[in-house]
Amino acid sequence: NLGSNLKDALRKLAGKTVIDRAAVEELVKDLQRALLQADVNVKQVMQLSQTIKKRALDEQPPKGVTAREHVLRIVYEELVALVGQKVEVTLGKQIILMAGLQGSGKTTTTAKLARFFKRKGMRVAVICADTFRPGAYTQIKTLCDKVHVPCYGDPSEHDARKIVREGLAQLKEEVIIVDTQGRHALEDDLITEIIDLNEITKATHRWLVLDAALGQQAREQARRFHEAVSIDGVIITKMDGTAKGGGAMSAVAETGSGIVFIGQGETIEDLEWFDPNSYISRLLGMGDLKALAERVQESIDEQDIDVNAMLSGKFTLRDMYRQLEAVNKMGPLKQVLSMLPLGGMDLPTEALDVTASKMGKYRVIMDSMTATELDDPTVLNGSRIQRIAQGAGAQLEEVRELIKYYKMMKRTFKGLKGGEKGMQRLMKKF
Ligand code: GDP
Ligand code: MG
């Protein structure tokens, strides 16, 4: 995928003894290939590679910065520019109009947004203006019920304009999200309807939802919707899939705005506030410490975990126990780990495959450990492992696996600290 191809390109650069014209040209070729494979628009790829090449060869590295770090920094900056500007999400009174074709993920994202704003302490409501898709109201109502957000709609009414007018008259919430219909294709009456809804709602934001699987058609969709209602933010869904994402990402340029959120899964928690810097850092394997910190903070607020101690390597089994509880709330481990700086190395896949049931098992095993063992896992020897396994009704192998997992987590957190320092060091130089 795009991330691993970009990382490969940078790793190759890191292996070079000198950063000369040939090295830069090779890097640019690798970047081009990676971006084109990910469906990024050809024109944009050519522009980007021209700029990177020119800057890498013309600009002198600042004092104390190696040529390698300098080139890395340029690649980073240009990729950040490619995904558009950062779109601020305000927590004030607002009406958000959702635009996009059917199947792009508007309804799912509407519910995710409702949850997002609600968790930020806002009063939120949703209006279902989709009169096209059968069962549209039930779909969004069910999702809204899950997050305890009121949902206005009328499945027997065929006039979306009327529903929206009535909904707005009734709802008093601070944030109102209007889920609209989509079609399989861009049709004139679909466009007319969204223009009308934009006028009726006097929407604060018009966010376009694009499927990451879209290739070059993404640009046409973006252009048409932007012409109609002036899109001021893009949400890219299904970034968790095998999709390349580059088509949707490069379509953002058509709107002159940026990506507001990305959807990372089918469940209502799988929404990520998009920050171009964080995203590109992560894509390049520099890790996204900011997002991780926010995510960790959110989930450990009630858990009493000492993050600083964890980062400084004082990570015991007891910490891991609390952490497993927190991680349960943080969402799929895969996503959480994708935010860690990997420093070019890939995490063992077992780390990503810890399922909820396995975590449950781990907790049972840890319940059979003594306080000494939890605080200082180095005391765990063969006879202790045997006793623990017996106490927990687990296999020896399972206890060993838990210890292995613990050691890996400990290393990961240590690496996180190192990565953070490395990144800070790099940033400070510029
Ligand atoms: P709409 O027609 O634009 O309202 O699209 P829906 O919200 O109904 O979504 C269409 C399909 O895409 C549904 O099966 C959703 O579960 C799925 N979907 C939406 N967002 C995501 C996402 O971020 N990741 C994944 N994997 N599936 C998604
Ligand atoms: Mg829908």
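Eight strands make up an open sheet of mixed pairing in this predicted model, ordered β3-β2-β4-β1-β5-β6-β7-β8. Its edge strands, each pairing on one side only, are β3 (151-152) and β8 (271-273). Here strands (E, at least two residues) and helices (H or I, at least four) are DSSP runs numbered from the N terminus, and two strands pair if DSSP finds at least two bridges between them. β2 (residues 124-129) and β3 run parallel, joined by two bridges; Val126 has Cys151 in β3 as its bridge partner.

Contact means C-beta atoms, placed from the backbone, within 7 Å.

Let's turn to a helix pair. The axes of α7 (residues 160-170) and α8 (residues 188-201) come within 10 Å and cross at roughly 20°. That makes α7 roughly parallel to α8, a term for angles under 35 degrees. In their contact, Ala160, Arg161, Val164, Arg165 and Leu168 of α7 meet Glu193, Asp196, Leu197, Ile200 and Thr201 of α8.

A quick note on conventions: residues are numbered from 1 along each chain as its sequence is written, and chains are lettered from A and ligands numbered from 1 in the order in which they are written. As this is a predicted model, local features need pLDDT of at least 70 and side-chain atom pairs count only at pLDDT 80 or more, while totals for chains, interfaces and linings use all residues.

Methods. Axes are lines fitted to C-alpha atoms, for helices over the stretch in contact, and angles run from 0 to 180 degrees between N-to-C directions. Angles under 35 degrees count as roughly parallel, over 145 as roughly antiparallel, 65 to 115 as roughly perpendicular and the rest as oblique. Two residues are in contact if their C-beta atoms, placed from the backbone, lie within 7 Å.
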